[in-house]
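Me: Could you take a close look at one part of this model for me, and then walk me through a few other parts of the fold? I would enjoy a connected account.

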Amino acid sequence: MATSGLKADVERKRLLQRVCEEALRMAKPSEEEKRRTLRFSRDLTENLSEKLKSAGIEAEVEVQGSIAKDTWLAGEKDIDIFILLPKKYGREGFLKALEVAKNLAREGWREAYAEHPYIEAKIEGYTVDFVPCFRVKEASEAASSVDRTPLHTLYMKRRLSDPVRDEVRLLKKFMRGIGTYGAEIKVGGFSGYLCEVLILHYGSFLKVLEAASKWKRGELIDVENHYRGRREDAEKLFQGAPLIVVDPIDETRNLASSIGKTRLNEFIAASREFRKRPSLRFFYPGDVEPIPAGRLREVLERKGTSVVIVKFGPVEAVPDILWGQLYKSRRAIRGLIRRHGFRIIRDHVWSDEENLNVLLFELESLRLPAAKKHAGPPLEKAEDCERFLEKYLNSELAVSGPRVEGDRWVVEVRRPYTDAATLLKEELKDGGRTLGVASLVSKAISESLEVLVDHEIASLYKSNREFAKFLTEYLSGRPRWLERD
């Protein structure tokens, strides 16, 4: 038995190695792709530098992010061009620099906002972010997180060897495959810089997964040992954080602060599963094949729940703003549904980021009884009891009571809504702004609201393949990397 177990362990380790080698081969850009991307980036920065100089703007133009650190993945077409300005220019300098960048990009750009404005442009098949920031020498001088980015790049370029860069690529590709990669609001996962810090700390992709498999709440990772012998200080500063990864260049920042609880735990779970059952599907999960449209109704009925969709048209916002607005609106509508007594099993958000947005709520039941029991105050609170009786004794809402049950007054009242679809149609017809729906989403809802229930979803399902893939994966209810023989 011991020999058999040892052989299985050796074979598993060999399989781990083979899978990682193949995943890296697919994830690493070819030499031709590298040459093409670096040439384009160099030409773009030189061109922009000349135009800024001609405009009388004192600035340094640099490539940042994964391209600068040579940790990008094959096929990625995203390039970050930073315009480093002296602080003497103030925020107005950002706008002047961006005007120059707009002229360079011509018509293929759009404005976006994070902590301050930047532009996103489509140039020769690449997506280029032109980001102005202040030139700083150390993190304490930074006015925003964007100002720290050049310092992050410099730090990593000094520490990443070619073998370590490949380990970073493996971790990024793994996280992308399981859906935990990306610090943007849509994902709420691990940033590229955070992946690099984890590799520096643990030494390799497999060692990161081994450690993550055992992470406990409040795990502290401190590459530069800012808090050596001072763990309590870190725990106090980052109070309640499930994972603490101290920024190597700024001991006051937790690089893991924006990671959602679910994303963190998905990574932990996937790390455990991959180490036991290595497979390329963790890196390359494959496309979702939608359920045949003719079977959709059968699948929905078999679940025995009700799927309600709030569908609306375009929201005029860049993706990061859009997803923030969608998530805020989901919370508001979730609260509305619950306040009226409907039980939500699960909810989700989907968007094509252009013309169509969907908030999905899966309910235990679409309909509720006409009346509900409402408990009043305990009898020992005489004044509260008097107010309760005044409100309900002759109220048209009361269908039974008031009466005493145990130590309280109770009454049965008529529900204002017994059908969840009707509730949503009525309460959201003006956009739902007073309910807490985000402003841009509220505008879109007021102009194009549709509420679809169960089989009514079929038309949208048939006409939009991306939505069909989303709904298929939602109804599956499990990650694509989770398979057992």
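Reply: Happy to, and let's start with Glu-60. Setting aside its neighbours within four places in sequence, Glu-60 touches Phe-82, Ile-83, Leu-84 and Arg-135. Please keep in mind that this is a predicted model. Glu-60 belongs to strand β1, which covers residues 60-64. Is its side buried or exposed, or something between? Glu-60 has a relative accessible area of 35%, and because buried means under 20% and exposed means over 50%, Glu-60 counts as partly exposed. For a sense of distance, take Glu-92, which lies 32 residues from Glu-60 along the chain: their C-alpha atoms are 17 Å apart.

Next comes helix α2, made of the 24 residues 31-54. From first C-alpha to last, α2 reaches 35 Å, close to the 34 Å expected at 1.5 Å a residue. Its buried residues are Glu-33, Lys-34, Thr-37, Phe-40, Ser-41, Leu-44, Thr-45, Leu-48 and Leu-52. Just after α2 you will find Gly-56, which adopts a positive phi of about 80 degrees.

Now for a pair of helices. Two packed helices are described by the angle between their axes and the distance between the axes. For helix α8 (residues 205-212) and helix α10 (residues 261-276), the axes come within 8 Å and cross at roughly 115 degrees. This crossing of α8 and α10 is left-handed. On the α8 side, the residues in the contact are Phe-205, Leu-206, Val-208, Leu-209, Glu-210 and Ala-212; they meet Phe-267, Ile-268, Ser-271, Phe-274 and Arg-275 of α10.

Finally, a sheet. Strands of a sheet pair through backbone hydrogen bonds, either parallel or antiparallel. Here, three strands form an open sheet in the order β12-β14-β13, and their pairing is antiparallel. The edges are β12 (371-378) and β13 (398-405), each of which pairs on one side only. On average, neighbouring strands of this sheet are turned by 20 degrees against each other, direction ignored. Looking at one pairing in detail, β12 and strand β14 (residues 408-414) run antiparallel and are joined by six bridges. If you want a place to look for this, Ala-375 has Val-410 in β14 as its bridge partner.

Note on methods:
Residues numbered from 1 in each chain as written. Predicted model: local features only at pLDDT ≥ 70, side-chain atom pairs only at ≥ 80, totals over all residues. Heavy atoms only, no water. Axes fitted to C-alpha atoms, helices over the stretch in contact; angles between N-to-C directions. Helix = DSSP H or I, 4+ residues; strand = E, 2+ residues; numbered from the N terminus. Left-handed = near helix turned anticlockwise from the far one by under 90°. Contact = heavy atoms within 4.5 Å. Pairing = 2+ DSSP bridges. Expected span 1.5 Å × (residues − 1). Buried < 20%, exposed > 50% of the residue type's maximum accessible area, 1.4 Å probe, protein only.
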